[in-house]
Amino acid sequence: MHKHRCGWCLGDPLYEAYHDTEWGVPVKDDATLFEFLILETFQAGLSWITVLRKRENFRKAFDYFDYKKIASYDQEKIDELLQDPGIIRNKLKVNATVSNASAFMEIQEEFGSFSKYIWGFVENEPIKNKLQNYKDAPATTSLSDSISKDLKKRGFKFVGSTVIYAHMQATGMVNDHEVNCFRYHEV
């Protein structure tokens with residue numbers, strides 16, 4: 001039986017698997033939220049499939065996104081990361097990952113968890129859009145603008161509104177599956 005999927009993932013088995021099992025599923029776990037946030041920051045200016053293909057390399061290089069370890073990375077570790085061909089070797093993004101890990105923990109301390117903080121923007125309920133075509137999805141919204149502004153105020157880097165909206169889509173804060181996609185009613 002043929003399942004209708006969102007058009008953006010068609011034709012690549014890795015993309016389709018990500019779409020079918022992860023994209024748009026509400027994530028409340030801090031470790032997973034951090035992983036997606038970091039991957040989204042590395043994606044800035046690139047395609048998501050580029051990051052997805054390097055995801056396992058990122059996991060190994062960044063201690064499986066253990067934000068406590070990442071926050072304590074020294075210059076030697078940063079230099080090592082910048083030599084790793086398995087990841088996107090962008091000095092600003094690698095440095096931002098380290099500082100974002102610290103900012104992430106400050107939010108946890110203030111709110112009890114990053115999840116409580118980020119999901120508070122949508123009152124703990126996913127926003128369910130009704131897209132006919134994935135191309136109709138916005139790149140940003142007034143909400144992603146607000147979250148981006150708040151994260152930047154808290155010291156985060158590479159968290160522009162487009163990155164934040166992509167994060168909201170990936171972690172299920174917003175359901176942007178096409179209405180005729182088999183996942184639309186499942187997430």
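At what angle do helix H2 (residues 30–43) and helix H10 (residues 161–170) pack, and how many Å apart are their axes? In this predicted model, local features need pLDDT of at least 70, side-chain atom pairs count only at pLDDT 80 or more, and totals for chains, interfaces and linings use all residues. Residues are numbered from 1 along each chain as its sequence is written, and side-chain values use heavy atoms, with hydrogens and water left out.

**Helix packing**

H2 and H10 pack at about 140°, and their axes lie 9 Å apart. The two helices are therefore oblique to each other (angles under 35 degrees count as roughly parallel, over 145 as roughly antiparallel, 65 to 115 as roughly perpendicular and the rest as oblique). Their crossing is right-handed. On the H2 side the contact (heavy atoms within 4.5 Å) is made by Leu33, Phe36, Leu37, Glu40 and Thr41; H10 contributes Val163, Ile164, Ala166, His167 and Ala170. Seven of the contact residues are nonpolar, two are polar and one is charged.

**Positive phi values**

Most residues other than glycine have a negative phi. Asp63 and Glu123 are listed below with their positive values.

| Residue | Phi | Loop |
|---|---|---|
| Asp63 | about 50° | between helix H4 (55–61) and helix H5 (67–71) |

How values were computed:
Axes are lines fitted to C-alpha atoms, for helices over the stretch in contact, and angles run from 0 to 180 degrees between N-to-C directions. Helices (H or I, at least four residues) and strands (E, at least two) are DSSP runs, numbered from the N terminus. A crossing is left-handed if the near helix is turned anticlockwise from the far one by less than a right angle, and right-handed if clockwise. Ala, Val, Leu, Ile, Met, Phe, Trp, Tyr, Cys and Pro count as nonpolar, Asp, Glu, Lys and Arg as charged, and the others, Gly among them, as polar.
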